[in-house]
Amino acid sequence: MKQIINVLLTYIQIQYHIICYLLTLLVSKDFMPKDEIPISKKYHHLQVDDLPIIEVLEKLDYQKLIIAYEQEHGKPLKPVRRRNAKYKVPESMTCPRCGAPHIYLYDNTGGRGQYLCKICKTNFNDKIRFSKTVIFRCPHCSRTLEQIKERKNFYIYKCKNDDCSFYLKNLRSMSKEEKKHFKKYPHKFKVRYIYREFDFDFQPLSKESPDLPKVDISGIHSSPHTLGLILTYYVNYGLSSRNVAAIMEDVHNVNISHQTVINYADSVGYLVKPYLDNYPYELSDSFCGDETYIKVYGKWQYIFFFFDAVKKIILSYHVSPNRDTPSAIKAINDVLTKMDTIPDNLNFVVDGNPIYLLAKHYFYQQGINFDITQVLGLTNDDPVSKENRPLKQIIERLNRTFKKSYRSRCGFKSSKGSVSYVNLFAAYFNFLRPHSALEKKVPVTVPQLINLPNMPARWGKLIELAQEHILYEQQHSA
């Protein structure tokens, strides 16, 4: 009987090891079921054209214009006489160029939203966000662009000039079959110059305050050393919360639950973010960016990493449910906020996703200029990709380092949990993790952390510095 039990126990142990191995494989993208593999969205069909010519019109004063009209014509300029009540202009409406009140505005399209100022002769639309002091012109023919569509976060403008060199060049480049197809289905071809003017509830170069954590670190029952141990196992070694709780009990005789580990990590993650974002980094002039996958609520989301390729510093670690232009803008904004001044030759090396070019256009509208260099595909089929491939490989290595740390979690149950963990990973990578390319030195040398004896002590000191930073900001903002 005893031999049978031993055989059964051995068999159960073998099964256990096999299950653990298979679970490890399932976490890897290459071995996931088809319905679990992140969707690789095709984005190369979206073409981003060059920036338009932006013409800034002179701001006018309607009162001065009225006086000038009276002096020139010998009579005052009368308000608009409306013969139909349905063409009444709202009292709150004013001309965006000269500031004329509603009594001087025509309803130019019978209630469809376009108005004409009688004083300065400016046409404008009540749905357009930007002031009518700016005109977008085609960079190829200088014709004024026309707004053709309104989307959730942007407006689409098109050059409708049939003599535009951009349009004619695209027509000439078509084959005979494509020209026949174009005559029947012109909407399937992109032949005219297109520009997207963005409208986000987001101000460039502004910082967002993180949400408050559920657990106040100052009120926890564990000692700073215990908290440092938990973070060392959880972040440095990439162990799951359950494994951390088991090690704390088996090795250190500290009885905590896996949920306590998560609560502590969430709290510290949000605590270190202001310190991480506002630290006075010394940066190089070589930056690269990329997105990687992270699972939240059982669905794939994205982390937008931007990285100083020389100093090995993570500058942006934005988590987003969408792989879209607003997320790319916020990620680039994280980098810009860490610069004292924006250099004239600022350049970001990214992949072929057009959202980064659209982000460049958005910042251009705000008066912030930089270049985007795109490394396309996996092979060096063009000189630009060949020259900048090393930078793309550097950010890919950062993605792999994060995935190695994140793999044991198999995803997060909340967005706050994913954000706080990414905060912890970025803080560990920048301030605590020795890097082989830096001769085993950490990317950012914090004097208070240098002579501490071990990693739990460094985590404890980093938390203390983060708390001091928050208190300092609170005192000086009061």
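This is a predicted model: local features need pLDDT of at least 70, side-chain atom pairs count only at pLDDT 80 or more; totals for chains, interfaces and linings use all residues.

User: Good to know. How many disulfides does the structure hold?

Analyst: The count is 0 disulfides.

User: Okay, so how far is the sulfur of C98 from the closest cysteine sulfur?

Analyst: That distance is 3.7 Å, and the partner is C117. A disulfide needs the two sulfur atoms within 2.5 Å, so the sulfurs of C98 and C117 are too far apart for a bond.

User: Is C98 buried or exposed?

Analyst: C98 is buried, because its relative accessibility is 4%. C288 is buried too, with a value of 0%.

User: Switching to helices. At what angle do α10 and α11 pack?

Analyst: The angle is about 120 degrees, and the axes lie 11 Å apart. Helix α10 covers residues 383–406, while α11 runs over residues 415–432. Angles of 65 to 115 degrees would count as roughly perpendicular, so this pair is called oblique instead.

User: Which hand does the crossing of α10 and α11 have?

Analyst: The crossing is right-handed. On the α10 side, L398, T401, F402, S405 and Y406 make the contact, and on the α11 side Y421, V422, F425 and F429 do. Those contact residues divide into 7 nonpolar and 2 polar, with no charged ones.

User: What about α5 and α7, how far apart are their axes?

Analyst: Their axes are 10 Å apart, with an angle of about 90 degrees between helix α5 (residues 224–236) and helix α7 (residues 258–278). That makes α5 roughly perpendicular to α7.

User: Which residues meet there?

Analyst: From α5 you have L227, I230, L231 and Y234, and they meet V261, Y264, A265 and V268 of α7. The residues of this contact are 8 nonpolar, with no polar and no charged ones.

User: Last one: which helix holds S327?

Analyst: S327 belongs to helix α8, which spans residues 325–336. At 4% relative accessibility, S327 is buried as well. Not counting residues up to four places away in sequence, S327 touches F304, H318, S320 and N322.

Definitions and conventions: Residues are numbered from 1 along each chain as its sequence is written. Side-chain values use heavy atoms; hydrogens and water are left out. Buried means under 20% relative accessible area, exposed over 50%, partly exposed in between (1.4 Å probe, protein chains only). Helices (H or I, at least four residues) and strands (E, at least two) are DSSP runs, numbered from the N terminus. Axes are lines fitted to C-alpha atoms, for helices over the stretch in contact, and angles run from 0 to 180 degrees between N-to-C directions. Angles under 35 degrees count as roughly parallel, over 145 as roughly antiparallel, 65 to 115 as roughly perpendicular and the rest as oblique. A crossing is left-handed if the near helix is turned anticlockwise from the far one by less than a right angle, and right-handed if clockwise. Contact means heavy atoms within 4.5 Å. Ala, Val, Leu, Ile, Met, Phe, Trp, Tyr, Cys and Pro count as nonpolar, Asp, Glu, Lys and Arg as charged, and the others, Gly among them, as polar.
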